[in-house]
Amino acid sequence: MTPQTVLTIGQQALEMTLMIAGPLLLTALLVGLAVSVLQAATQINEMTLSFIPKLVGLFVALIFAGPWMLTTITEYTRRLIESIPFVIG
């Protein structure tokens, strides 16, 4: 196995991780920002207030992005398994 092959597999794994986690992380960021702005406007200083809206936002994002995420990770895993003979030599 060449070092270039290992780096390519590692790079693809990192890219896939960022692509799969992106929609959920972006949703949590946007919901957290909206709740923070609302808390600042109303002067409510409750730290646990953002938990439920983030949970609901992540659930909704998972409903919409879940099939795409599952298809993407399944295709990547299939390609990774199919490339085993080429990596080994």
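Let us start with Phe64, which is exposed at a relative accessible area of 68% (exposed means over 50%, buried under 20% and partly exposed in between, with a 1.4 Å probe and protein chains only). The model is predicted, so local features need pLDDT of at least 70 and side-chain atom pairs count only at pLDDT 80 or more, while totals for chains, interfaces and linings use all residues. Residues are numbered from 1 along each chain as its sequence is written, and side-chain values use heavy atoms, without hydrogens and water.

Phe64 sits in helix H2, residues 51-82 (helices are DSSP runs of H or I with at least four residues, numbered from the N terminus). Together with Phe51, Ile52, Leu55, Val56, Phe59, Val60 and Ile63, Phe64 makes a nonpolar surface patch of about 860 Å². Such patches take residues with over 30% relative accessible area and no salt bridge, nonpolar side chains (Val, Leu, Ile, Met, Phe, Trp, Tyr) being joined within 5 Å and like charges within 9 Å. The areas come from the Shrake-Rupley method with a 1.4 Å probe, and for residues only the protein chains shown count as cover.

H2 also has buried residues: Gly57, Ala61, Ala65, Gly66, Met69, Thr72 and Tyr76. At Ala65, shortly before the proline Pro67, H2 has a kink of about 55°, the bend being the angle between axes fitted to the seven residues ending there and the seven starting there.

Met16, Ile20, Ala65, Met69 and Tyr76 form the largest nonpolar core, with 5 residues. A core here is a set of buried Ala, Val, Leu, Ile, Met, Phe, Trp, Tyr and Cys residues joined through side-chain atoms within 4.5 Å. H1 and H2 each supply at least two of its residues, and H2 gives the most, with 3.

Met19 lies in H1, residues 3-42. The table lists contacts (heavy atoms within 4.5 Å), leaving aside neighbours within four places in sequence.

| Residue | In contact with |
|---|---|
| Met16 | Thr72, Ile73, Tyr76 and Arg79 |
| Met19 | Trp68 and Thr72 |

Met19 is partly exposed, at 38% relative accessibility.

**One salt bridge**

The structure holds 1 salt bridge, defined as a side-chain nitrogen of Lys or Arg within 4 Å of a carboxyl oxygen of Asp or Glu. Arg78 and Glu82 form this bridge at 3.2 Å, N to O. Because they are 4 residues apart in helix H2, about one helical turn separates Arg78 and Glu82. Arg78 is partly exposed at 44% relative accessibility, and Glu82 is partly exposed at 46%.
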